[in-house]
Amino acid sequence: MLKQRVITALILLAILLPALFYSNTFPFTLLVLLMLTAGGWEWGRLNHLGQWGAIATAVVTLLLGVASWQLGWVHQSHSVLWLVVGSAWLLGSVGLIKAGVTGWAKIPLSVRWLVGVLALWAAGLAIVQARQIGVNFLLSVLALVWVADIFAYFFGRALGLKFTKVKLAPAISPGKSWEGAWGGALGVLLLAFVWVWADGFAQASVSSFYSRLFQQGWWMLVVAALFMAAMSVVGDLVESLIKRSAGVKDSSQLLPGHGGVLDRIDALLPTLPLAMMLTSLVQ
């Protein structure tokens, strides 16, 4: 399993890195469209729509992405959109986690399907716009999720249930602990201040997500970093809740050793639009 995971990760990096650093954003946008299509297919399966329903969901998701591209939306400012999407993620996810696994099934299928497709589309639009701002900006947002996940894993393994006697969300994701969540938040805080220092030291031509927040004051950076760390956990919990309701362990097996596309981008679905929202607010 470990060998399979490593091979898949290396292949993904070999595809992602050239597209990410290419001077033109065209290859990266194509890669995002492919990701959206795969995520849409998985979303159809998670909602038990059958083979053709999953394919139809993939096609709809792809068409939304292509339409955004062709209509020039990827080049336009969307401050109001990011505020709406960010607020929807914040309020909707809190309500969903509170309702639990059984609460998801009570939502009409048409609403569940539409919310998932729109969440994929918004994250796709956000990541393309983040890349257009600059590689440094996009990487700083992506690294937030990676660092939060890594720190949460090691802190959870080392300190899980040492300070609290209950899991973070035992009915949704039994492996997650409050200590792990705190460790993830600490990792994001360290990342944020190190990245701000690195931007200044290297005199970065494109400011990172953290430097833009830091321009409003260190307190803004701290509050926003902690908020983003929390929402990365929320994204993970929401997908875990949906998978439990669907009765599956992974969203698919498209990525051998890693599960599906949604398993890899679950924390990015809320954090990418929220990063664009916070950036537009501080500007």
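**Fold and selected residues of a predicted helical chain**

Buried residues account for 47% of the 283 residues in the chain, where buried means under 20% relative accessible area, exposed means over 50%, and partly exposed lies in between (1.4 Å probe, protein chains only). The model is predicted: local features need pLDDT of at least 70, side-chain atom pairs count only at pLDDT 80 or more, and totals for chains, interfaces and linings use all residues. Residues are numbered from 1 along each chain as its sequence is written, and side-chain values use heavy atoms, with hydrogens and water left out.

The chain holds twelve helices and two strands. Helices (H or I, at least four residues) and strands (E, at least two) are DSSP runs, numbered from the N terminus. Read from the N terminus, the order of elements is α-α-α-α-α-α-α-β-β-α-α-α-α-α. The radius of gyration is 18 Å, close to the 19 Å that the globule rule gives for 283 residues, so the chain is as compact as a globular protein of that length. This radius is taken over C-alpha atoms, and the rule is 2.2 Å times the number of residues to the power 0.38. Along its principal axes, the C-alpha trace spans about 50 × 50 × 40 Å.

Contact means heavy atoms within 4.5 Å. Of the contacts between residues at least 6 apart in sequence, 74% join residues at least 24 apart. The accessible surface of the chain is about 14200 Å², and 71% of it belongs to carbon and sulfur atoms. Areas come from the Shrake-Rupley method with a 1.4 Å probe; for residues, only the protein chains shown count as cover. The chain carries 17 positive and 9 negative side chains, and the centres of the two sets lie 5 Å apart. Lys and Arg count as positive and Asp and Glu as negative, while His and the chain ends are not counted. Each charge is placed at NZ of Lys, CZ of Arg, CG of Asp or CD of Glu.

Helix α6 (residues 109-133) has 25 residues and reaches 36 Å from its first C-alpha to its last, close to the expected 36 Å. The expected span is 1.5 Å times one less than the number of residues. Just after α6, glycine 134 takes a positive phi of about 155°. Helix α12 (residues 268-282) has 15 residues and reaches 21 Å, close to the 21 Å expected. Helix α12 is mostly covered, with 13 of its 15 residues buried.

Tryptophan 104 sits in helix α5 (residues 101-105). Tryptophan 104 is buried, at 7% relative accessible area. Beyond its neighbours within four places in sequence, tryptophan 104 contacts Trp43, Asn47, Leu96, Arg112, Leu241, Ile242 and Ser245. Its C-alpha lies 36 Å from that of valine 135, 31 residues apart along the chain.

Histidine 258 lies between α10 (218-246) and α11 (261-265). Histidine 258 is buried, at 14% relative accessible area. Not counting residues up to four places away in sequence, histidine 258 touches Arg5, Thr8, Ala9, Asp263 and Arg264. Histidine 48 lies in the loop between α2 (26-46) and α3 (50-70). Histidine 48 is exposed, at 58%, and has a positive phi of about 55° although it is not a glycine. Leucine 161 lies in the loop between α7 (135-159) and β1 (167-169). Leucine 161 is not a glycine, yet has a positive phi of about 65°. At 33% relative accessibility, leucine 161 counts as partly exposed.
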